[in-house]
Amino acid sequence: MKRGMLIILSGPSGVGKGTVREELFKDESLNLSYSISMTTRKPRPAETEGVDYFFVDEKTFVDKIAQGGLLEWARFVGNYYGTPKDNVDRLLDEGKNVVLEIEVQGALQVMKKCPDALTIFLVPPSLEELERRIRGRRTESEDIVKERLDKARKEIQTKDEYKYVVENDDVHLAKDKIAKIIREHKI
Ligand code: 5GP
């Protein structure tokens, strides 16, 4: 069986990676599978263990790093986030195209390890719009919102490291553009 393609969907917090990903996953012809990350962040009210993330404590996370069990990991606004390696390998072996929805530091690590990965960076139409989206989520304190925005400005500066940059102005348009990129990308 042909091994699947590794797809990195990155971009600043609040740009709408999750929403675009949900739209992409409705398209079964893309043969996508999602890599569920591990994090030490506390679950938000609408989030489910083992669906949105594997929510773990810091010791479990650090042990996982020590065992070499993560394909990449990063500290982001006070918490750890990482991609469990076994699962990604298994899905790729099964021929699935595996989507990692991750922030920039982790994406840069995967680019080094897997230069063939299809890397896509989502940008907001403007920083004002990004701020509106982060505030609209209403799940974070003012300090965290400020920290995420500050981080976003820096993250956007790395966009040229990615094979494709897609603006997320309209989620359906962004989905269509990315679906086309996935169909046309050959490894
Ligand atoms: P949030 O707390 O909003 O769910 O995620 C914060 C940031 O961490 C987002 O940019 C999200 O895409 C990213 N993220 C989620 N999972 C991972 C992961 O496994 N590795 C890395 N490096 N970033 C992740």
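Predicted model: local features only at pLDDT ≥ 70, side-chain atom pairs only at ≥ 80, totals over all residues.
**View 1. The largest pocket and its centre.** The largest pocket has a volume of about 900 Å³. It is lined by 32 residues, and those closest to its centre are Gly 18, Arg 44, Tyr 53, Glu 101 and Arg 137.

**View 2. The elements that line the largest pocket.** The largest share comes from α1, which gives five residues. Sorted by class, the lining of the largest pocket holds 13 charged, 11 nonpolar and eight polar residues.

**View 3. The ligand in its place.** The ligand takes up the space of the largest pocket. Around the ligand there are 16 residues, of which Ser 37, Arg 41, Tyr 53, Tyr 81 and Glu 103 come nearest. The strands β5 and β6 each supply at least two residues of this shell. The shell around the ligand consists of seven charged, five nonpolar and four polar residues.

View 4. A polar side-chain atom of Tyr 53 is 2.6 Å from an oxygen atom of the ligand. In the side chain of Arg 44, an N or O atom lies 3.0 Å from an oxygen atom of the ligand. Glu 103 faces a nitrogen atom instead: an N or O atom in the side chain of Glu 103 is 2.7 Å from a nitrogen atom of the ligand. The ligand taken alone exposes 510 Å², and the protein buries 95% of that area.

Key: Residues numbered from 1 in each chain as written. Heavy atoms only, no water. 1 Å grid on protein atoms, 1.4 Å probe; cavity = no way out; pocket = protein on both sides within 12 Å on 5 of 7 lines; lining within 4 Å. Points joined across faces, edges and corners; volume = space filled by probe spheres on them. Helix = DSSP H or I, 4+ residues; strand = E, 2+ residues; numbered from the N terminus. Nonpolar A, V, L, I, M, F, W, Y, C, P; charged D, E, K, R; others polar. Near = heavy atom within 4 Å. Polar contact = N/O pair within 3.5 Å; in protein donor to acceptor, adjacent residues only side chain to side chain. Areas by Shrake-Rupley, 256 points an atom, 1.4 Å probe, with all protein chains shown as cover. Sits in = over half its atoms within 2 Å of the grid points.
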